[in-house]
Amino acid sequence: MITFPCCKINLGLNIVAKRPDGYHDLETVFYPVPLCDVLEIKKMDEEFPSPTPIDLKVTGHAVECDERNNLVVKAYHLLAKDYELPRIHVHLVKRIPMQAGLGGGSADAAYMIRLLDERFRLNMGNAEMERYAAQLGADCAFFIRSEIAYATGIGDVLAPADNEHHSLEGYYLALVKPDVAVSTAEAYAGVTPKKPAKSCRDIVRQPIDTWRDELTNDFEKSIFAKHPVLADVKEKLYANGALYAQMSGSGSTIFGIFGQKPANIKELFPGMFTYCVRL
């Protein structure tokens, strides 16, 4: 059985407070993007010699972590504590770049939960799957439904973000990722938590031509100072007609939203990962 974990962008991202547990409360709008990994599971033959109940093969973009720490494997073991699961082979094809602020690893984990639920008829329902997903990462729960959402808490408290008067449907989205990696620790170290004057959910509900002046990502200032190539990408997207451009999550992907199909993004940003799609 095969599924296709999508990625996300953040429309605005504000770090509003530091919590007693060391994490941070934030406000953001998660928006699903149809750039997808591929995730396939098959039952393992009883005679297949495997020291573990889940055999993972990863192809495509390199994943820099031990197999046992891959979120797909962790998702399997998390469910196996409460459900009787057979041994399985897993093939993960990585198309979403890593350390990009696109939530690729979180998506893989959430879609693994969805896939196990469907394949082995666990009958969990979305609420229970979200509960499991939240144990694996702050933004994992979003990917159970993969629908636009306003996220608070550490990114795990989800509420509707859109309304009937505003949608990005019909706009073009371009993603550009230079060869830059930004760690989560690095990103948070440069931010002073502060409640914004206006919620990003309210701004996203406004006409898109107001976003440039009001919709912000709190990570950009310090990260752009350390990695000026990211600021250059953002400005180049604006120079080539973007209605709005921003870094996604804690980076290092910059996205641009266009009213018309943009010029060849790959030619504009040679040597960088690029993706363009009509939403």
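Tutor: Start with burial: of the 279 residues in the protein chain, 51% count as buried, where buried means under 20% relative accessible area, exposed over 50% and partly exposed in between, with a 1.4 Å probe and protein chains only. Bear in mind that this is a predicted model, in which local features need pLDDT of at least 70, side-chain atom pairs count only at pLDDT 80 or more, and totals for chains, interfaces and linings use all residues. Residues are numbered from 1 along each chain as its sequence is written, and side-chain values use heavy atoms, with hydrogens and water left out.

The spot I'd pick is Lys 8. It sits in strand 2, residues 6–18; strands here are DSSP runs of E with at least two residues, helices are runs of H or I with at least four, and both are numbered from the N terminus. The chain has 10 helices and 12 strands. Lys 8 counts as buried because its relative accessibility is 4%.

So who surrounds it? With neighbours within four places in sequence set aside, Lys 8 is in contact (heavy atoms within 4.5 Å) with Phe 30, Tyr 31, Pro 32 and Val 33, with Gly 101, Leu 102 and Gly 103, with Asp 139, Phe 142 and Phe 143, and with Ser 248 and Gly 249. Glu 169, 161 residues away in sequence, is 15 Å from Lys 8, C-alpha to C-alpha.

Next, look at Ile 9. That residue is among those with the most contacts inside the largest nonpolar core, which has 52 residues; such a core is a set of buried Ala, Val, Leu, Ile, Met, Phe, Trp, Tyr and Cys residues joined through side-chain atoms within 4.5 Å. Leu 11, Leu 173, Leu 175, Trp 211, Leu 237 and Ile 257 are the others named for the most contacts there. Beyond its neighbours within four places in sequence, Leu 173 touches Ile 9 and Val 33, along with Phe 255, Gly 256, Ile 257, Tyr 275, Cys 276, Val 277 and Leu 279. Apart from that core lies another, of 39 residues, with Leu 39, Leu 92, Ala 133 and Leu 136 among them.

Glu 84 is exposed because its relative accessible area is 79%. Cys 200 lies 116 residues from Glu 84 in sequence and 42 Å away in space, C-alpha to C-alpha.
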